[in-house]
Amino acid sequence: MKGLRGERLASEFQKAVYEVISRRLRDRVPQLSAIISVTGADVAPDLKTAKIYVSIYDTSEEKKLASFETIKENAGFIRHELAGMLRIRTVPALTFILDGSMEYGAHIDEILNKLESEHKDEQ
């Protein structure tokens, strides 16, 4: 969604979805991973659908994927909670997408730190 209104709405959705996942969903499903971030939201101009980008950090890939599946399975619950939080006529259907950008950034940092330490050892 383009424009100032679209950006503001996407930002509000991002914050609200994070709030629901971190508080209300975690109360329902305590086995969720410890670090879950909502990295972005893309709301369609007609407000019928929204893509929510979620980044999950966990020590185990299995736990990470289980947490993501739990979030996807509870999309209806999250949408229902958003209806009570946001003042809009219709709450869009939510599609969750696993965002690997934080892991990718951590991997790049790890590589750069390794190269820096090797460079210092050579001097």
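# Salt bridges, strands and a core

Visitor: What sort of model are we looking at?
Guide: Residues are numbered from 1 along each chain as its sequence is written, and side-chain values use heavy atoms, with hydrogens and water left out. Local features need pLDDT of at least 70, side-chain atom pairs count only at pLDDT 80 or more, and totals for chains, interfaces and linings use all residues, since this is a predicted model.

Visitor: Which residue forms a salt bridge with Glu 19?
Guide: A salt bridge here is a side-chain nitrogen of Lys or Arg within 4 Å of a carboxyl oxygen of Asp or Glu, and the closest N and O atoms of this pair are 2.1 Å apart. Helices are DSSP runs of H or I with at least four residues, strands are E runs of at least two, and both are numbered from the N terminus. The partner, exposed at 52% relative accessibility, is Arg 23.

Visitor: How many residues apart are Arg 24 and Glu 81?
Guide: These two also form a salt bridge, with the closest N and O atoms 3.3 Å apart. The pair links distant parts of the chain, Arg 24 being in helix 1 and Glu 81 in helix 3 (residues 75-85), at a separation of 57 residues.

Visitor: Buried or exposed: which is Glu 81 in that pair?
Guide: Arg 24 is partly exposed, at 36% relative accessible area. Glu 81 has 19% relative accessibility, so this residue counts as buried.

Visitor: What is the N to O distance between Glu 116 and Lys 120?
Guide: Both lie in helix 4 (residues 101-122), 4 residues apart, about one turn of the helix. Glu 116 is partly exposed at 42%, while Lys 120 is exposed at 54%. Their side chains meet in a salt bridge, N to O, at 3.7 Å.

Visitor: Which ring does the charged end of Arg 28 sit over?
Guide: The rule asks for NZ of Lys or CZ of Arg within 6 Å of the ring centre and within 35 degrees of the ring normal. Arg 28 is 4.1 Å from the centre, and the ring belongs to Phe 77.

Visitor: In which sense do strand 2 and strand 3 pair?
Guide: Two strands pair if DSSP finds at least two bridges between them. Strand 2 (residues 49-57) pairs with strand 1 (residues 35-43) over 8 bridges, in the antiparallel sense. Strand 2 and strand 3 (residues 93-98) have 6 bridges, with Ala 50 partnered by Leu 94, and their sense is parallel.

Notes
Buried < 20%, exposed > 50% of the residue type's maximum accessible area, 1.4 Å probe, protein only.
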